[in-house]
Amino acid sequence: MAAINRDDVAHLAQLAHIEMSAEELDRMAGELAVIVDSVKSVSEAAGDDVPATSHPIPLTNVFREDVVGHTLTAEQALSGAPDSDDNRFKVPAILDEA
Amino acid sequence: MTDTNELIRLSAARLAEKLRAGEVTSVQVTQAFLDRIAAVDGGERGVNAFLHVNTEEALAVAAEVDAIRAAGGAAAEELHELAGVPIAVKDLIVTIGQPTTAGSKILEGWHSPYDATVVKRLRAAKMPILGKTNLDEFAMGSSTEHSAYGPTRNPWDLDRIPGGSGGGSAAAVAAFEAPLALGTDTGGSIRQPGAVTGTVGVKPTYGSVSRYGAIAMASSLDQIGPVSRTVLDSALLHQVIGGHDPFDSTSLPDPLADLAAAARLGSVDGMKIGIIKELHGEGYQAGVENRFNESLDLLKEAGAEIVEVSCPNFKYALGAYYLIMPSEASSNLAKFDGVRYGLRVLPEEGPLTIERVMGATRAAGFGDEVKRRIILGTYALSAGYYDAYYGSAQKVRTLIQRDFEAAFAQADVLISPTAPTTAFKLGEKLNDPLAMYLNDVATIPANMAGVPGLSLPGGLADEDGLPVGIQLLAPARQDARLYQVGAVLESLLENKWGGPLLAQAPELAGSTETQEAK
């Protein structure tokens, strides 16, 4: 498995929407390289015949009657919003106007 | 009336008895704990277990219980067994009327518009909520040092960590600031703090306690559970919070067993208890190993049969956990984007787009450990690596489940030390994430397989005089066995010590600041 380098971390930080300074990228790349190296053996642990487990206790899909239940009011839903207007969350431009 | 200093040291079960008998009021009990919090929690050398103290509401609920009891009649008889017994809640669990921070700057000052199911159940039982306890940011850590609001200190030694992520809940209970607390356990965050603070902590079977309203780290691993000073107290609290919840799609439909009855059974005669070969010995502190062996001897004397089992795939558990957990966390934490709640930070320069606002908000709002795990998870889930990392880790999960199945074919419960070491010093492992992760080596397998685990105090390590935790593990849905064996072992150990382990903890002086204020 490939090691993780500074360019990888920069790309991943962008995907994860976390701005990182040059110093942070350097440090994070070093720390993550050690962690990634330590988890390497996981890929060799199980053969192709072993099924994956995504959930610890097998459950089937849960359905309920399609009736209106408990919901938050608009006021409650917006109560923690950094900015809102006219019963909606307000955000800066979605698209880069440049 | 009992002296308040004595009152705060009583178990929840004993407090409940005294409340029912009218020997003490809930207001007196609740006030005693609030006073204790004021005396030992704040200031330079305070325990710092609480991020928020809920004085007014706690006393109001206590007064309500007292009024119902005083009036008598059907309403008094219908009161829950633990009505009027106060509790602290880990600040990862949302509450109306109190802030919820998850230990993060990104949620500073945020108030949830709804209650977690477990909180609703505490309210229904009329248990006064003393406040919200400190934790590693978004429950990511084993020391509470990753809290954005400063570390919690271990009441046994204020220069040491109280474990994590639920160090606040464990320290609050160990320091007699609360008789009970709620925690959450993704890889050991209830059990490892229990071990290093000399308290009891239980991770129930996955799905047996609703996760609705617990801010998610890794949804397939997270579990809310009880924190207390005695095994019976955890059983009683587990019964308050457990059972099916339609608001959590992973909630088990099974009815809850009578866990308190299991804790009161008082016998392990004929039970088979399995030592997990891979979870002791090399890498475990000598004092931890000694206390562990002592517990085995006591259980043997009490009529249990000790067998050895092998779980060869546990060696992959830590690695697989550090792929699955960050993967799920990176996805769960995507919602903290500065749009619907919490912090919003605008970029200092350049165009003001939502993407750049997200980047600036998450850069400022998340701490290092959270960023590390989000990046690691994003990496493990990215195209080209998915099969090798996330896919392989999920296969390891199957292997761990098979190991447990084989082990439980030979034993009714399994036993191991809860953590390989006693509490380390604050700052000791802060710059070495991998060393920190290793402290959860014995607790992680239970989360990977969804089985329940309990940690109880096993005594003090000879070399440093600090608490050692003993972990019991049972098959999924067999939580009752943990309480049965745990309570027997607890009573055998307490006979040996001549009382609870916490009676040996150093007296907390309290901060000079609060003493002056008094």
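1. The score called pLDDT is the predictor's confidence in each residue, on a scale from 0 to 100. It matters here as the model is predicted. Along residues 511–518 of chain B the pLDDT stays under 50, and for this stretch the model has 13 contacts beyond four places in sequence. Chain B as a whole averages a pLDDT of 95, and 98% of its residues score at least 70. The scores for the model are ipTM 0.93 and pTM 0.96.

2. The contact between the chains draws 60 residues from chain B and 51 residues from chain A. On the side of chain B that touches chain A, at least two residues come from each of helix H12 (317–332), helix H13 (354–365), helix H14 (368–381), helix H15 (387–410) and helix H16 (433–438). H15(B) gives the most, with 11 residues. By type, this side of chain B consists of 32 nonpolar, 19 polar and 9 charged residues.

3. Chain B holds an open sheet of 11 strands with mixed pairing, in the order E1-E3-E2-E4-E6-E5-E10-E11-E9-E7-E8. The edges are taken by strand E1 (50–53) and strand E8 (305–309) of chain B; each has a single partner strand, so one side of each lacks a neighbour in the sheet. On average, and with direction ignored, neighbouring strands of this sheet are turned by 25° against each other.

4. Within this sheet, strand E4 (residues 180–184) and strand E6 (residues 224–228) of chain B pair in the antiparallel sense over 5 bridges. Gly183(B) has Gly225(B) as its bridge partner in E6(B).

5. Is it enclosed or open to the outside? Of its 8 residues, 8 are buried, so E10(B) is largely enclosed by the rest of the structure. Strand E5 (residues 200–203) of chain B is joined to E10(B) by 3 bridges, and the two run antiparallel; Gly201(B) has Ser455(B) as its bridge partner in E10(B). E10(B) is also joined by 6 bridges to strand E11 (residues 467–473) of chain B, again in the antiparallel sense, and Pro457(B) stands opposite Gly469(B) in E11(B). E10(B) and E11(B) form a hairpin with 6 residues between them, and Gly465(B) in the turn has a positive phi of about 65°.

6. The largest nonpolar core comprises 184 residues. Those that touch the most other members are Ile87(B), Ile93(B), Ala181(B), Ala320(B), Leu323(B), Ile375(B) and Val413(B). Beyond its neighbours within four places in sequence, Ala181(B) has contacts that include Ile87(B), Val89(B), Thr133(B), Ser169(B) and Val227(B).

7. Helix H6 (residues 117–124) of chain B has as its buried residues Thr117(B), Val118(B), Val119(B), Arg121(B) and Leu122(B). Their cover includes strand E2 (87–90), strand E3 (129–133), E4, E6 and helix H9 (231–241) of chain B. After H6(B) comes Lys126(B), whose phi is positive, near 55°.

8. Pro193(B) lies in helix H8 (residues 191–197) of chain B. Pro193(B) counts as buried because it has 39 C-beta neighbours inside 10 Å, where 20 or more are required. Residues up to four places away in sequence aside, Pro193(B) touches Pro162(B), Gly163(B), Gly164(B), Gly166(B), Gly167(B), Ser169(B), Ala170(B) and Gly201(B). Its C-alpha atom is 9.3 Å from that of Thr144(B), a residue 49 places away along the chain.

9. Most residues other than glycine have a negative phi, and most peptide bonds are trans. The peptide bond from Gly164(B) to Ser165(B) is cis, with omega near 10°; Ser165(B) belongs to the loop between E3 and helix H7 (167–174) of chain B. Phe176(B), which is not a glycine, has a positive phi of about 60°. Phe176(B) sits in the loop between H7 and E4 of chain B and is buried, with 22 other C-beta atoms within 10 Å.

10. In chain A, His17(A) has a positive phi near 55° and is a residue other than glycine. His17(A) is placed in the loop between helix H1 (6–15) and helix H2 (22–39) of chain A. With 22 other C-beta atoms within 10 Å, His17(A) is buried.

How values were computed
Residues numbered from 1 in each chain as written. Chains lettered and ligands numbered in written order. Predicted model: local features only at pLDDT ≥ 70, side-chain atom pairs only at ≥ 80, totals over all residues. Core = buried A, V, L, I, M, F, W, Y, C linked by C-beta atoms within 7 Å. Buried ≥ 20, exposed ≤ 12 C-beta atoms within 10 Å, placed from the backbone. Contact = placed C-beta atoms within 7 Å. Pairing = 2+ DSSP bridges. Helix = DSSP H or I, 4+ residues; strand = E, 2+ residues; numbered from the N terminus. Axes fitted to C-alpha atoms, helices over the stretch in contact; angles between N-to-C directions. Nonpolar A, V, L, I, M, F, W, Y, C, P; charged D, E, K, R; others polar.
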